[in-house]
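Here is a briefing on one protein model. Please look through the sequence and the coordinates before reading on.

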Amino acid sequence: LGGLTTAEVKASSFKYEKALEDFERARREMIGKVRNSYRKVNNDTKGVEAAELAIHSSEKSLEASQAGYRNGTRPLGLVLKAQTDLFKAKKDYSSARYNYILDSLQLKFNAGTLSVEDIQVVNSWLNTDELILPPQAEGAEGNQDENIFY
């Protein structure tokens, strides 16, 4: 049959080489994903720490503004701005923690170590008693639209 076997061996050899190259490309991509995920988790850790410091600073600023308002040396507007800054700092802290959790799970997924226990640990962190909810307007039970804060 004039070289059919030789052609099939060459074709198989080329397929094997392509499979090796595809494997190496996939391996390098995965290593890159794991490294990027690792960097994100490290940055998220620093972001959570910074957000905690911002909350502490905002609380001190609010205390100082309230004391100044009680003494008559600061206007109410500064107290309200300090309260707004504190709420923003708490929101930023929550966002930083959220990003840390997601990126940690993504790192474990990329590394191939994500387990049911990891999901259970994250689930245990979700405590509804610690949620920061906006205050409800008194006497506004009948009209829910009045309770929306933008």
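Predicted model: local features only at pLDDT ≥ 70, side-chain atom pairs only at ≥ 80, totals over all residues.

Residues are numbered from 1 along each chain as its sequence is written, and side-chain values use heavy atoms, with hydrogens and water left out. The protein has three helices and zero strands. Helices and strands are DSSP runs (helices H or I, at least four residues; strands E, at least two), numbered from the N terminus.

**Overall make-up**

- From the N terminus on, the order of elements is α-α-α.
- Of the 150 residues in the protein, 17% are buried. Buried means under 20% relative accessible area, exposed means over 50%, and partly exposed lies in between (1.4 Å probe, protein chains only).
- The protein exposes about 12100 Å², and carbon and sulfur atoms supply 57% of that area. Accessible areas come from the Shrake-Rupley method with a 1.4 Å probe; for residues, only the protein chains shown count as cover.
- Among contacts with a separation of 6 or more, 58% link residues 24 or more positions apart. Contact means heavy atoms within 4.5 Å.

**Nonpolar core**

- The largest nonpolar core has 10 residues: Val48, Ala51, Ile55, Leu62, Val79, Ala82, Leu86, Ala89, Tyr93 and Ala96. Such a core is a set of buried Ala, Val, Leu, Ile, Met, Phe, Trp, Tyr and Cys residues joined through side-chain atoms within 4.5 Å.
- Both α1 and α2 supply at least two residues each to this core. The most come from α2, with six residues.
- Tyr93 is in contact with Val48, Ala51, Glu52 and Ile55, leaving aside neighbours within four places in sequence.
- Ser65 sits in helix α1. Ser65 counts as buried because its relative accessibility is 3%. Beyond neighbours within four places in sequence, Ser65 is in contact with Arg74, Leu78, Val79 and Ala82.

- Helix α2 has 36 residues and reaches 52 Å from its first C-alpha to its last, close to the 52 Å expected at 1.5 Å a residue. The expected span is 1.5 Å times one less than the number of residues.
- Buried residues of α2 include Ile101, Asp103, Ser104, Leu105, Leu107 and Asn110. The buried residues of α2 pack against α1 and α3.
- Just after α2, Gly112 takes a positive phi of about 80°.
- Thr113 lies in the loop between α2 and α3 (116–125). Thr113 counts as partly exposed because its relative accessibility is 48%. Not counting residues up to four places away in sequence, Thr113 touches Lys108 and Asp118.

**Salt bridges**

- The count comes to 10 salt bridges. A salt bridge is a side-chain nitrogen of Lys or Arg within 4 Å of a carboxyl oxygen of Asp or Glu.
- Arg27 pairs with Glu24 in a salt bridge, the closest N and O atoms being 2.7 Å apart. Arg27 and Glu24 are separated by about one helical turn because they are three residues apart in helix α1 (residues 4–71). Arg27 is partly exposed, at a relative accessible area of 38%. Glu24 is partly exposed too, at 25% relative accessibility.
- Lys60 forms a salt bridge with Glu63, with closest N and O atoms 4.0 Å apart. Lys60 and Glu63 both lie in helix α1, three residues apart, about one turn of the helix. Lys60 is partly exposed at 45% relative accessible area, and Glu63 is partly exposed at 45%.
- Lys91 forms a salt bridge with Asp92, with closest N and O atoms 3.5 Å apart. Asp92 is partly exposed, at 30% relative accessibility.

**Nonpolar surface patch**

- Tyr69, Leu76 and Leu80 form a nonpolar patch on the surface, with about 280 Å² of accessible area together. Patches are made of residues with over 30% relative accessible area and no salt bridge; like charges are joined within 9 Å, and nonpolar side chains (Val, Leu, Ile, Met, Phe, Trp, Tyr) within 5 Å.
- Leu80 is found in helix α2 (residues 76–111). Leu80 counts as partly exposed because its relative accessibility is 44%.
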